[in-house]
Each structure stands twice: as structure tokens, then as C-alpha cells.
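Here is a short briefing on one chain and its two ligand sites. Keep the structure in view as you read.

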Amino acid sequence: MDPQRPGEWRKYKTGMCEGCWAGCCTLPVEVSVSDLIRLGLATEDEAAESQKKIARRLEKEGIIQSYRAHSQLFILQQRNGRDCIYLNKNRLCTVYDKRPEVCRKFPKIGPRPGYCPVRPK
Ligand code: SF4
Ligand code: SF4
């Protein structure tokens, strides 16, 4: 099953995350400036001044890979072009309580709503 091919994903069922390799955390993660503030990666003052400036700093620090000015969304950096930088070696989120909105809403909202790139760990 290729996570980049939503057509191959499986329908989400309660309890499916148990034992899953966190396929959702291998997809590009789009975050807002509010997510960055909650994660402690930017301040309210910086956000009020310039989101582009935050993007330049976070790109240099290796936290984001790009910034989409039209939608004001930052794309988190991925390790080996795949895993989210906040995924640990046990495939658990290291910022779970502060995780981005998009992570909280998956798979209700995502490339194929209601479906997952699930795979055993
Ligand atoms: S891909 Fe789906 S089943 Fe796997 S951890 Fe993410 S939400 Fe849970
Ligand atoms: S922030 Fe956490 S939940 Fe969201 S993609 Fe990264 S590891 Fe997964």
C-alpha cells in the first residue's frame, strides 16, 4: 500500500490506530501560524509582524520545507522525505498535546476523507 495513493487506502475504523505505523504522519503536514504558536515555534508578535519572516527562519532551522503565501500555510519538514519531524522511532507523536489542527482532524479531513494509509508497525 502506497501512502501517496489514496485510492489504495483503507476505510478508517475505531481502534485502527493501535498497531498502525502512523501512515498519516508520512503525509505532508500543512500548519497554520496558530499551530506554530501552540508548538512554541513562533510568537504572537512575530505572527503580527510577518508570516513570511517566520517562514524564512523556520526553513533555515529545518522545521518547515515551504510556505504557501496565498493560503498562509507552512509545510512541516519531513525526515527522509517521508516521516514528520515530530514522529519518534516508536512511530509516536512527540508533540501530541500540541499537535497541529490537521493532525487532530485526520482522517475526517485529508486527501481521502474517512480513509487511512494504514499499515502494521
Ligand atoms: S493512518 Fe489512520 S489508522 Fe494509522 S495512525 Fe493515522 S489515523 Fe490511525
Ligand atoms: S505533528 Fe505529530 S501527529 Fe502530526 S504528523 Fe507530526 S508526528 Fe504525526
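Helices (H or I, at least four residues) and strands (E, at least two) are DSSP runs, numbered from the N terminus. By that count, the chain has four helices and seven strands. The model is predicted: local features need pLDDT of at least 70, side-chain atom pairs count only at pLDDT 80 or more, and totals for chains, interfaces and linings use all residues. Residues are numbered from 1 along each chain as its sequence is written, while chains are lettered from A and ligands numbered from 1 in the order in which they are written.

**Fold and shape**
- Along the sequence, the pattern reads β-β-α-α-α-β-β-β-β-α-β.
- The radius of gyration (taken over C-alpha atoms) is 15 Å, close to the 14 Å from the globule rule (2.2 Å times the number of residues to the power 0.38) for 121 residues, so the chain is as compact as a globular protein of that length.
- The C-alpha trace spans about 45 × 30 × 25 Å along its principal axes.

**Packing**
- Of the 121 residues, 21% are buried, meaning that 20 or more other C-beta atoms, placed from the backbone, lie within 10 Å of their own.
- Take contacts (C-beta atoms, placed from the backbone, within 7 Å) between residues at least 6 apart in sequence: 58% join residues at least 24 apart.

**Ligand sites**
- A residue counts as around a ligand if its C-beta atom, placed from the backbone, lies within 6 Å of it.
- Around ligand 1 are residues including Cys17, Cys20, Cys24 and Cys116.
- The residues around ligand 2 include Cys25, Cys84, Cys93 and Cys103.
- Ala, Val, Leu, Ile, Met, Phe, Trp, Tyr, Cys and Pro count as nonpolar, Asp, Glu, Lys and Arg as charged, and the others, Gly among them, as polar.
- The shell of ligand 1 has 11 nonpolar, one polar and no charged residues.
- The shell of ligand 2 has nine nonpolar, no polar and one charged.

How values were computed: Buried ≥ 20, exposed ≤ 12 C-beta atoms within 10 Å, placed from the backbone. Contact = placed C-beta atoms within 7 Å.
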